[in-house]
Amino acid sequence: MTNFSGKVLFLDRSDINTDEIIPAKYLTEISKKALKPYLLEDIKLEGFAPHKDIKGKSIIVTRANFGCGSSREHAPWALEANGINLVIAESFARIFKQNMFNCGMPAVELPVETIDHLFLNFAGKETLIETDFEKNLFIIKADKLKEEIPFSISDFDRALILAGGWVEYADLKY
Amino acid sequence: MGKTIAEKIFDSHLVDNPSGDINVIRLDAVFCHEITTPVAINDLVARGKDRVFDPDKIKVVIDHVTPAKDSKTAMQGKILREWAKRNNIRDFFDIGRNGVCHAIFPEKGFVRPGYTLIMGDSHTCTHGAFGAFAAGVGTTDLEVGILKGVCAFHYPLTIKINISGQISEGVYAKDVILSIIGRLGVNGSTNKVIEFTGSVVNAMSMEARMTLCNMAVEAGATCGICKPDMTTVEYLWEFIKDEYATKEAALESFVKFSPDHDAIYDDVIEHDVSRLEPQVTFGYKPDHVKPVRDMEGIKVDQVYIGSCTNGRIEDLRVAADVLNGEKISDFVRGILSPATPKVYNQALEEGILKTFMDAGFCVTNPTCGACLGMSNGVLAEGEICASTTNRNFNGRMGKGGMVHLMSPATAAATAITGYITNSRLYKRQEMQGGAK
Ligand code: SF4
């Protein structure tokens, strides 16, 4: 299982849609890997430079309604192709969230105050998150700061993560 | 407690209930085409799971861009072809035998009342016309369907739409469904099933029911469903005659999938079509619907008749009746794309293709083509197409192009005048004087 730990990319905006995550013109690609260079290519977010800022990051922390728009599964794939396999947000668009778990990647919701707190104290710094799935804890570190933030996910979502996604889960179970 | 059609189908196919109202159901068929399946195939191969749950329950067609128009589409076809071969999938329809998926699969008898089926295509809801639960799914669900023959859905909520009244001349299933989408809005039935019922539906042919169910997704529905009846049996008879002694016996078995009288619906909508006029879309969303009367005089550059919505023989007959020896306008490019080789052949034998060609239409091979703006009639920026397809999204038929959705009758009348025209009111002489 992936350990869902690593460097954090902060995206300080709500309603980031799937067209911004991966533009429609790349939907003709026939492999997930081919999407890698185009992640967040068209995002409207000041000061964000996709190629420079995405590199080396494994986790996104963002605001509300992440992944709204079309139901394309290319959105989680484009994240996965770039080594990003955990998104933490105030809330998600329903289908995007389901697509993430189906791909074996957690989409975790935290209260708005917690997200505000993370942006206030950690954004702009080199931040690391370690995920502890046994204790349902994120351990967040930057400079000398270290915090533990609890989270919760449903049993079924957890089972999907442990299996490595819906394909692996279904192949084992049915 | 009574059940809806979808609830009966779900309950008879339940495999697992892993959480909340999520039902994992057994699938009777998985349909595949060359645009969405190759990604699933490549991913299954990468996972070391290049298998299929049952090669006889997987039906495959190359339909969206065929013959291939470039290296990329050629590769999509190649991946699909080779996969079908190595997995012993026999029902594979390639060039010469291929047609638009949602037209060819019913025509081959692959759908039955009470079936569950999925496909990586949003208009899979078309097959609900047979009293089946048919849903478009994403790639991961398609992969699981191919591999294990199951799919997970939320337990279905159903909206019942009771279509009643006396349908007027010149008004067709397409006008009915456009008026329903206009009323519900593009999200009006999101994640729900629509059960189409009532005297108007009962009197409809299977073709017309398919047109109705085809566009259920444009109001957000997972599936549109019509209850099976004698019309369903008649359509399927050539495929089921060995299974049942009589048509009545087949019907008796199929009506298991009729809704109970005390079924519980999320909503019940009465839709009286007595005063319904021909409808057309005006904007970039399928719920931007107006009577044709309010759109007359809008000049078009292209008329497209075809697709999984309206490319069947009945549609071609209706359009040919309107064309009836006329020529299409000098400034209009007319394109007819019969949905399947069988439709093509029938149209040939009935002289319909000749009517179209004499009128000035180009007849293409069966394919999705212009419907999704990939080939065979892509629009230039600023151009307008009168189309019998199902989507008018911005850029759908080509960047900067505008698509007005309408019935085959309206499309044919529009081709003759060059302006959006009500087929019912259409009279050549009057239009020549009156056209703007
Ligand atoms: S005809 Fe159009 S809507 Fe139908 S399956 Fe083909 S592309 Fe999709």
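Author: A residue counts as buried when its relative accessible area is under 20%. The model discussed here is predicted.

Reader: Is B:Ser307 buried or exposed?

Author: With a relative accessible area of 1%, B:Ser307 is buried. The residue lies in helix α11 of chain B.

Reader: Which peptide bond is cis?

Author: The bond from B:Thr66 to B:Pro67 is cis, with omega near -10 degrees. B:Pro67 belongs to the loop between β4 (58-61) and α3 (71-86) of chain B.

Reader: How does one read the faces of a helix, and which residues of α5 in chain A are buried?

Author: An α-helix has 3.6 residues a turn, so residues three or four places apart point the same way. In helix α5 of chain A, residues 112-122, the buried residues are A:Thr114, A:Ile115, A:Leu118, A:Phe119 and A:Phe122. Viewed down the axis of α5(A), these buried residues fall within an arc of 135 degrees, so they line one face of the helix. On the other side of α5(A), A:Glu113 and A:Leu120 are exposed.

Reader: Against what do the buried residues of α5(A) pack?

Author: Their partners in chain A are the strands β1 (6-11), β2 (57-62), β3 (86-89), β6 (137-142) and β7 (145-150). Just after α5(A), A:Gly124 has a positive phi of about 90 degrees.

Reader: Which residues of helix α9 in chain B are buried?

Author: In α9(B), residues 230-240, they are B:Thr232, B:Val233, B:Leu236, B:Trp237 and B:Ile240. Down the axis of α9(B), the buried residues lie within an arc of 155 degrees, so they too line one face of the helix. Their cover includes α8 (206-214) and α10 (247-254) of chain B.

Reader: How many residues of α5(B) are buried?

Author: Nine of the ten residues of α5(B) are buried, and the helix is mostly covered. Among the buried residues are B:Thr139, B:Asp141, B:Glu143 and B:Leu147. B:Glu143, within α5(B) at residues 139-148, has a relative accessible area of 0%. Apart from neighbours within four places in sequence, B:Glu143 contacts A:Val167, B:Ala40, B:Asp43, B:Leu44 and B:Arg47. Just after α5(B), B:Gly149 takes a positive phi of about 70 degrees.

Reader: How is the packing of two helices described, and at what angle do α12 and α15 of chain B pack?

Author: Two packed helices are described by the angle between their axes and the distance between the axes. Helix α12 (residues 313-323) and helix α15 (residues 408-417) of chain B pack at about 35 degrees, with axes 8 Å apart. The crossing of α12(B) past α15(B) is right-handed. From α12(B), the contact is made by B:Asp315, B:Val318, B:Ala319, B:Val322 and B:Leu323, and from α15(B) by B:Pro408, B:Ala409, B:Ala412, B:Ala413 and B:Ile416. These contact residues comprise nine nonpolar, no polar and one charged.

Reader: Where do the axes of α12(B) and α13(B) lie relative to each other?

Author: The axes of α12(B) and helix α13 of chain B, residues 341-349, come within 9 Å and cross at roughly 35 degrees. α12(B) passes α13(B) in a right-handed crossing. B:Ile313, B:Leu316 and B:Arg317 of α12(B) meet B:Val343, B:Gln346 and B:Ala347 of α13(B). By class, this contact has four nonpolar, one polar and one charged residues.

Reader: Which residues come nearest to the ligand?

Author: Of the 13 residues around the ligand, the nearest are B:His123, B:Cys308, B:Cys368, B:Cys371 and B:Asn390. Helices α4 (101-107) and α11 (307-310) of chain B each supply at least two residues of the shell. The shell has six nonpolar, five polar and two charged residues.

Conventions:
Residues are numbered from 1 along each chain as its sequence is written. Chains are lettered from A and ligands numbered from 1 in the order in which they are written. This is a predicted model: local features need pLDDT of at least 70, side-chain atom pairs count only at pLDDT 80 or more; totals for chains, interfaces and linings use all residues. Side-chain values use heavy atoms; hydrogens and water are left out. Buried means under 20% relative accessible area, exposed over 50%, partly exposed in between (1.4 Å probe, protein chains only). Helices (H or I, at least four residues) and strands (E, at least two) are DSSP runs, numbered from the N terminus. The arc is that of the directions from the helix axis to the C-beta atoms. Contact means heavy atoms within 4.5 Å. Axes are lines fitted to C-alpha atoms, for helices over the stretch in contact, and angles run from 0 to 180 degrees between N-to-C directions. A crossing is left-handed if the near helix is turned anticlockwise from the far one by less than a right angle, and right-handed if clockwise. Ala, Val, Leu, Ile, Met, Phe, Trp, Tyr, Cys and Pro count as nonpolar, Asp, Glu, Lys and Arg as charged, and the others, Gly among them, as polar. A residue is near a molecule or strand if one of its heavy atoms lies within 4 Å of it.
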